[in-house]
Amino acid sequence: MAIKYSPMVIEHFTHPQNVGEIDNPDAEATEGSPACGDMITFTLKVNPDSHVVEDIRFRSYGCASNIATASMATVIAKGKTIEEIKDFNPKLIAEKLGGLPAIKMHCSVLAINGLKAAAKQWEITQGITEVEEIQCNDTTIRKLLHEVINPQTGKSIVASGMVSYIQVDGGKVFVEISMQGTDEMYADNIREEVTEKIESMKCVQEIIVRIMEREKFESSDLNGSRASTNQSGQPEKS
Amino acid sequence: MNDKPIYFDNNDTTPMLEPVFEAMKPYFIEKFGNPASLHEYGAEAEDAVNAARASLAEHIGATPEEIIFTGGATEANNLAILGAARGASEKKRHIITTKIEHNAVLNPVKRLEKEGFSVTYLNVDKEGFIDPDELKRAIRPETLLFSVIHGNHEIGTIQDLQSLGDICRENGVLMHTDAAQSFSKVPIKVQTTPVDLISVNAHKLHGPKGIGFLYIRKGTRIVKIMEGAPQEQNLRPGTENVPAIIGFAEAARIAFDGMVDDTAYMASLRDRLIDQLIQIPHTHLNGPRGSNRLPTNADITFKYIEGEAILMHLSIRGVYVSSGSACSSKSLTPSSVLTAIGLKHEDAHGSIRFSFSKLNTPKEVDVAVEKVKEVVALLRSMTAFIPELHSEVEGKGQTFYKKKKEER
């Protein structure tokens, strides 16, 4: 299956802008992980008076669209203020790149999250914001899961109504994802993404993600511990 | 030299040979008959199909009646697995397969699992081999079928069908093998190899797409999985794809005629590529070396970079390959074959499969090696996955990388 990229994606993939890193950066952030197959690190120079991003560089581990979205992210962030970056929407990158295939939309979310994380880190070092302890509750988890993209549609799983149930009990989080209308071959991917997102919250000790598949109510639990999040979802029954 | 792309994706599909195309041509317009028709056109088509069937059967030492034409190896696998299951007694509700199967075996098996069959997925060792003792231990009184891929489509491992088949036979278990990659590369003779069902297709050996066959050993109970007219001994309804069958037989004839020389030649290309690429630091071969590897296949992990990006860069440079990375798969999960041989996700993401045909040349290998070196260096120069910054963490049953806590 060939992945059809726009000419602009190919352009930024083959000629990425602002590659590398800034020594002694004013802010730095990494999003993603090697296990997931995509990761971006941004380093920034920020003018302390105007809050303008004067220089930005990226390093990328990931597919062609990961490299292209990271490159485009640096292009749109350069010259903008930290406050402007905090308002960026992932759609902006996809638009500037002449569109991304649905299955690659998560790359633009990753890039924007990287920029926002760097912006926030800068504000923290400047004493503008404090490190906030995010509480574990239905609202914060739902907000976080907004960033998980259904690879089939390129839309957020929350916006598509796939998050059918969230229960928080202290540090224990239970999430139920409904695959209704989504090909179940994406179930493993969505489960991994959801688990990784929730796992990133400090307040979480235990996660259970239940995938409700299309035909029958067949549950596939991801049992408790954090360590189990890397399950490939491949057949392991014996 | 960059005019024509270097095609190293022959485990995916191969270009059809001119003589194969020529052999097929008359069966589109002049000899267009339906083998089921009673008139002369029908007889002409039927004779051609039967001659092709006999010729194909001979390559594996089968009789023509044991060959059922299908729309490819996927359909042959479905007919073998679902057909055997539907024809089995209520007591035979257990199937054994492996963790390195192609989806065309894995998914029919999973369907049966949903329908109430129990399934054992055998582990493989680091090179992708099944341990015959593990098969022995997995067999139960209710075991119906063992299905195993002969030559692996990703890592090239060739299973020892003889010893696995002996175990099946001793225990009254049917054995199926998916030989899509190995047919015409690794000999199988059904007189000596104890296998009951073999799936094969044409487009991996310079034949047309959309045609394959299932060998069904005489006396093996298979129930058809599609309904229609009683073609193919009432096991596979639908008018035979006559031109494709003719092309299939011609492609196989050419492949088997040249088998000894061609497989040695392809193995030399494979080893020429492997020897050069594993010189690159942080690079390793997946699957075995030597005669237990498909002559057509090399699969290599380039650590710290991602396969789809490698593939795209090579494609732009005129070298066509495939990748086991999650990003190159539609389901966004890394290749289950690579994780089954113990690769960490991040190493599976950085894997590239190079696969050869007899049409490739040593010169192409050398050019491709230079391009690969260039691309690997380029992507590594910009990667965010820096081993010094990522420590290995023991997870549940596997090791994976996590970014070290940023406490600095």
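In which sense do strand β10 and strand β13 of chain B pair, and over how many bridges? Strand β10 (residues 297-302) and strand β13 (residues 351-355) of chain B pair in the antiparallel sense, over five bridges. The model is a predicted one.

## The sheet of chain B

The pair β10 and β13 belongs to an open sheet of four strands in chain B, with the order β9-β10-β13-β12 and antiparallel pairing. The edges are held by β9 (283-285) and β12 (322-323) of chain B; each has a single partner strand, so one side of each is left without a neighbour in the sheet. Between β10 and β13 of chain B, which pair over five bridges, B:D299 has B:R353 in β13(B) as its bridge partner.

Helix α9 (residues 259-277) of chain B packs on the sheet and touches β9, β10 and β13 of chain B. The direction of α9(B) makes about 15° with that of β10(B).

## Helix α9 of chain B

α9(B) has 19 residues and reaches 27 Å from its first C-alpha to its last, close to the 27 Å expected at 1.5 Å a residue. Its buried residues are B:D262, B:T263, B:M266, B:L269, B:R270, B:L273 and B:L277. These residues cover an arc of only 120° around the axis, which puts them on the same side of α9(B). An α-helix has 3.6 residues a turn, so residues three or four places apart point the same way.

On the other side of α9(B), the residues B:V260, B:D261 and B:A264 are exposed. The cover over the buried residues of α9(B) includes β9, β10, β13 and α13 of chain B.

## Helix α13 of chain B

Helix α13 (residues 362-381) of chain B has 20 residues. From first C-alpha to last, α13(B) reaches 29 Å, close to the 28 Å expected at 1.5 Å a residue. Buried in this helix are B:E364, B:V365, B:A368, B:V372, B:V375, B:V376 and B:L379. They cover an arc of only 100° around the axis, and this puts them on the same side of α13(B).

The exposed residues B:K363, B:D366, B:E370, B:A377 and B:S381 are on the other side of α13(B).

## Domains in the two chains

Chain B is divided into domain 1 (18-256) and domain 2 (258-402). Taken over C-alpha atoms, the centres of domain 1 and domain 2 of chain B are separated by 29 Å. The contact between them involves 20 residues of domain 1 of chain B and 22 residues of domain 2 of chain B.

In chain A, domain 1 takes in 7-125 and domain 2 takes in 138-230. Their centres, taken over C-alpha atoms, are separated by 25 Å. Eight residues from domain 1 of chain A and eight residues from domain 2 of chain A take part in the contact.

## Chain A overall

Chain A has seven helices and eight strands. Of its 238 residues, 42% are buried. Among contacts in chain A between residues at least 6 apart in sequence, 62% join residues at least 24 apart.

Strand β7 (residues 172-178) of chain A has a covered face made of A:V173, A:V175 and A:I177, and an uncovered one made of A:K172, A:F174, A:E176 and A:S178. In a regular strand the side chains alternate between the two faces of the sheet.

β7(A) pairs with strand β6 (residues 163-169) of chain A in the antiparallel sense over six bridges, and with strand β8 (residues 206-212) of chain A in the parallel sense over seven bridges. A:I177 of β7(A) stands opposite A:V163 and also opposite A:I211 in β8(A). The hairpin of β6(A) and β7(A) has two residues between the strands, and A:G170 takes a positive phi near 65° there.

## Residue A:I124

A:I124 lies in helix α5 (residues 105-125) of chain A. Is A:I124 buried or partly exposed? A:I124 has 14 C-beta neighbours inside 10 Å and therefore counts as partly exposed; a residue is buried if 20 or more lie within that distance.

Leaving aside residues up to four places away in sequence, A:I124 touches A:T129 and A:V131. The C-alpha atoms of A:I124 and A:E196 are separated by 24 Å, with the two residues 72 apart along the chain.

Notes: Residues numbered from 1 in each chain as written. Chains lettered and ligands numbered in written order. Predicted model: local features only at pLDDT ≥ 70, side-chain atom pairs only at ≥ 80, totals over all residues. Pairing = 2+ DSSP bridges. Contact = placed C-beta atoms within 7 Å. Axes fitted to C-alpha atoms, helices over the stretch in contact; angles between N-to-C directions. Expected span 1.5 Å × (residues − 1). Buried ≥ 20, exposed ≤ 12 C-beta atoms within 10 Å, placed from the backbone. Arc of directions from axis to C-beta. Domains from an automatic or database assignment.
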